[in-house]
Amino acid sequence: MVSVRQEEECSRSLLCYTRQPTSREEANNADIAFSMHLALRSTTDGSWYPLNDNYGIFFAAGVPVEGVPQSARVACTAARRFVPEPKVQEVANPGLSHHDHSRQAKSAISSAIDWDAVMPGVDIVLKSLINPWLFRLVDGRFGIIATRTDRDGQPDGSERDSFLVAVSKDLRSFDRLGQIHIKGANGVHRPRAVWDESKQCYLIFCNDSQGQLACAAMTDLDMNNAFSIDLVAVDSDVIALDPDQSLKAADFPIADVHPCNIVAITECEAEVLEGRFGRMYNTAVSVEPLHVHADTVYQLREQLTSVQAQLRYSDGSTAMRGIEIDKNQLALLEAAWKEEKLQPGFRCHLRGRVRQQLYPVPFARERADPSMVPFTWNGRQFFMFMATEDEGGNCVDPRGGHTHMPLRVAESIADLSDESGGRVCEIDLLKCGDCNSEGRRMTGCFWAPELHIIGGRLSVLFMPCFDGELTNPDGSANTCAGKPDMWTGSCHIMQLRKDRAGQDLDPRNPSNWDSPRPILCKDGSPLNPVERISLDMTVIEDSGTCYYAWQQVGSIWIARFDPAVPDRVISLPRQIIVPEFAWDNMIAEGPNAVVHDGRIFLIYSGSLVGIDYTTGLATAPSDQGVDLTDAKNWTKLDYPLQKSSIYNGSWQLGTGHGMWSRDEDGHQLYVFHNAEYSEGEYRGRDTQVRRVHWSEEGMPVLDMQCNEELNTANSKICVEVNI
């Protein structure tokens with residue numbers, strides 16, 4: 001057996017802790033506070049600094065309800081291997097309507113299992129944890145044990161005789177092993193572990209329900225789920241091995257900290273953690289000399305304006321940015337060129353600045369679920385922007401029953417913003433009362449309009465809804481009868497027409513778009529076999545295959561489709577992402593994908609709409625011909641990629657439903673919405689635009705502050721020009 005990593009190799013200290021819950025407004029409600037947080041100790045002044053902005057990194061996973069088969073849990077990263085447990089109480093799913101709640105109350109599990117899927121909050125019960133203990137495994141990996149709880153941190157019954165266990169190679173991803181039961185235990189509280197070299201086993205210490213010390217032994221953590229271990233006699237020799245550190249919150253200047261234990265790690269391990277969870281910042285800027293080969297002033301100007309600066313960052317990553325050359329110096333150089341004063345061998349240096357476009361905050365008020373893409377029409381490039389109308393937080397029937405689908409078109413991204421007049425120039429592609437291809441009046445929602453090129457045609461994927469019937473499918477009275485009912489909504493597509501020559505018509509003219517068509521299964525049945533509603537559809541293209549991904553049953557589903565017939569899917573819809581943690585809180589929606597360095601990055605929104613909204617991430621191999629409808633080919637991040645946080649000095653709460661886009665220079669953008677929240681009142685959602693940074697390890701960074709992206713001391717540059 002490999003010996004435990006030697007302490008002399010571990011020069012850094014890592015604190016494992018939870019937090020005392022404060023408020024949702026500080027992104028520290030119970031769902032977040034009751035998770036494992038990490039902090040590193042500085043090597044310069046010995047102070048402690050939290051990783052991941054003092055947000056959780058390891059969360060307890062949801063537990064499958066008894067009766068939910070493993071075949072239905074294939075999209076669950078943790079629950080597919082957990083042993084199902086009896087349902088202690090009904091856990092309401094806020095995403096269900098009244099008639100769906102009534103249906104679920106009749107059964108402990110949902111009908112989603114008939115489709116090899118689960119319904120969050122019904123088939124999977126979310127959990128939290130307290131008193132995590134981080135320790136080194138004998139093979140050098142990390143072990144985590146903790147007390148599992150209900151979401152509010154209160155006992156869930158598991159503490160009577162068991163504790164939660166997980167292992168990790170580097171604390172960036174985790175292998176959850178479920179619960180370990182201690183035979184004969186009378187309560188398992190504050191579990192802690194240490195390797196006993198003499199006995200070649202792990203000793204698991206805990207306090208029982210009377211506060212007495214208890215101990216159990218186990219040789220290997222990587223055993224099957226729900227296995228049991230035996231208690232051992234507690235004598236003076238065993239007591240001496242108890243690793244309890246009895247840490248005090250006052251010794252750690254971290255907001256609301258509840259310290260659990262400290263573990264020694266190597267400098268390399270600390271760098272890995274800082275690279276993933278630390279703040280990275282710009283350290284230097286450089287510009288390569290420009291060698292001009294031009295015959296005209298236009299070509300000279302074109303080459304000069306195409307120069308880019310390389311920005312270097314603290315984690316070793318780089319990024320390219322355009323530059324702006326001093327106008328006076330540029331004019332003098334162009335004048336000298338015209339007068340043929342610049343001969344081969346001429347060299348000069350031009351002053352300039354790194355271009356850092358700052359977008360207005362908010363970019364577009366009361367516009368949610370945004371989509372922004374470049375589009376070339378009639379030989380000119382435009383940028384197009386669409387979003388859900390969210391007046392005062394009413395996205396079902398806003399503006400006094402006059403819902404609409406607003407489109408903005410401009411020659412630059414900045415000109416799409418409210419600040420530049422984008423709102424007053426909006427064009428309504430659809431209005432309340434317009435009919436879909438079936439002749440049904442669309443009266444509400446128009447949710448998440450997303451722009452794509454499908455089969456060579458500019459297309460909008462979105463969800464309209466219709467007036468509700470008098471009764472629900474189960475026969476109960478419908479409270480939305482005769483008015484827009486979100487539960488009648490389903491994914492639709494409408495496409496821009498072309499002229500006889502095959503050229504796109506003007507997308508700014510609503511009459512140039514065809515009637516919206518519902519997207520259905522191959523046999524013409526609805527996409528959602530469990531409930532009626534389907535929404536938030538996007539397109540993924542990989543290895544010559546086109547996929548739709550969307551939200552239904554509170555989770556992300558996927559199916560193949562033929563771009564020539566985009567209103568039908570050609571494979572069985574399958575569930576691929578399930579919200580299993582307290583941070584993504586029973587909903588996964590708003591998927592959108594981009595390919596970077598051989599991987600598909602699929603972002604999605606977790607938690608319910610409002611100030612708790614977060615952004616999750618799942619990845620899959622790109623261009624390798626893998627089946628993206630197989631959930632096993634996707635790897636889900638255990639914690640949110642983006643969450644509520646302070647951005648450029650101000651809180652942005654409820655960040656989510658984002659879309660990957662690109663700016664005028666081709667740099668990656670993240671277009672998303674956040675909650676408009678003031679004085680305790682939720683007032684809808686606003687669109688924001690940020691640039692994306694790709695870290696050295698290849699992860700997207702969605703919350704890089706302006707001064708982190710470009711240090712003002714590095715913003716001035718000098719370009720060497722050689723003729």
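How many residues of domain 1 are in contact with domain 3, and how many of domain 3 with domain 1? In this predicted model, 23 residues of domain 1 touch 18 residues of domain 3. Arg24, Glu25 and Tyr55 supply 34% of the area that domain 1 buries against domain 3, more than any other three residues.

**Domain layout**
- The domain assignment divides the chain into domain 1 (12-60 + 127-277), domain 2 (282-355 + 714-722) and domain 3 (367-691).
- Taken over C-alpha atoms, the centres of domain 1 and domain 3 lie 39 Å apart.

**Buried area**
- About 1,600 Å² is buried between domain 1 and domain 3.
- Carbon and sulfur atoms give 52% of that area.

**Polar and charged pairs**
- The rule finds three salt bridges across the interface of domain 1 and domain 3.
- Lys643 forms a salt bridge with Asp53, with 3.6 Å between the closest N and O atoms.
- Eight residue pairs are in polar contact across the interface of domain 1 and domain 3, with both residues at pLDDT 80 or more.

**The domain 1 side**
- Helix H1 (30-33) and helix H4 (267-277) are the elements that give two or more residues to the side of domain 1 that touches domain 3.
- By residue class, the side of domain 1 that touches domain 3 consists of ten charged, eight nonpolar and five polar residues.

Methods
Residues numbered from 1 in each chain as written. Predicted model: local features only at pLDDT ≥ 70, side-chain atom pairs only at ≥ 80, totals over all residues. Heavy atoms only, no water. Domains from an automatic or database assignment. Contact = heavy atoms within 4.5 Å. Buried area = accessible area lost by both parts, 1.4 Å probe. Salt bridge = Lys/Arg side-chain N within 4 Å of Asp/Glu carboxyl O. Polar contact = N/O pair within 3.5 Å; in protein donor to acceptor, adjacent residues only side chain to side chain. Helix = DSSP H or I, 4+ residues; strand = E, 2+ residues; numbered from the N terminus. Nonpolar A, V, L, I, M, F, W, Y, C, P; charged D, E, K, R; others polar.
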